[in-house]
Amino acid sequence: RTPEEFAQGHIAGAVNMPVDGFDPAKLASGDGRRAVLYCRSGRRSQVAADRLAASTGKTATHLDGGILAWEAAGKPVTR
């Protein structure tokens, strides 16, 4: 998501990495956590997930429907 979108609301603990500068190597945390990519509606996170999968050879997970679906499901958002 863009920095402006992220500032409008995001999932707690999320790290903002806009897709136009997304680098799969920056997700290698080594702490065992699984990355779940998301954007506003799911389109850009799918692009990033495809890049991540191509880079790692593993399936990448993205939030289908993005933060819009997250909010519609009544999940909390940090503003």
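Start by selecting helix H2, which gives the lining of the largest pocket its largest share, 6 residues. Helices here are DSSP runs of H or I with at least four residues, strands are E runs of at least two, and both are numbered from the N terminus. Before moving on, note that this is a predicted model, where local features need pLDDT of at least 70, side-chain atom pairs count only at pLDDT 80 or more, and totals for chains, interfaces and linings use all residues. Residues are numbered from 1 along each chain as its sequence is written, and side-chain values use heavy atoms, without hydrogens or water.

**Next stop: the core**

Select Val19, Phe22, Leu37, Ala48, Ala49, Leu52 and Ala60, the 7 residues of the largest nonpolar core. H2 supplies the largest share of this core, 3 residues. Such a core is a set of buried Ala, Val, Leu, Ile, Met, Phe, Trp, Tyr and Cys residues joined through side-chain atoms within 4.5 Å; buried means under 20% relative accessible area, using a 1.4 Å probe and protein chains only.

Now click on Phe22. Beyond its neighbours within four places in sequence, Phe22 is in contact (heavy atoms within 4.5 Å) with Met17, Leu27, Leu37, Ala48, Arg51 and Leu52.

**Last stop: Glu5**

Go to helix H1, residues 3–8, where you will find Glu5. Is Glu5 buried or exposed? Glu5 counts as buried because its relative accessibility is 16%. Show its side chain together with that of Arg44: a polar contact of 3.0 Å joins the two. Not counting residues up to four places away in sequence, Glu5 touches Arg40 as well as Arg44.

Note on methods:
Buried means under 20% relative accessible area, exposed over 50%, partly exposed in between (1.4 Å probe, protein chains only). A polar contact is a pair of N or O atoms within 3.5 Å; within protein, one must be able to donate a hydrogen and the other to accept it, and residues adjacent in sequence count only if both atoms are side-chain atoms.
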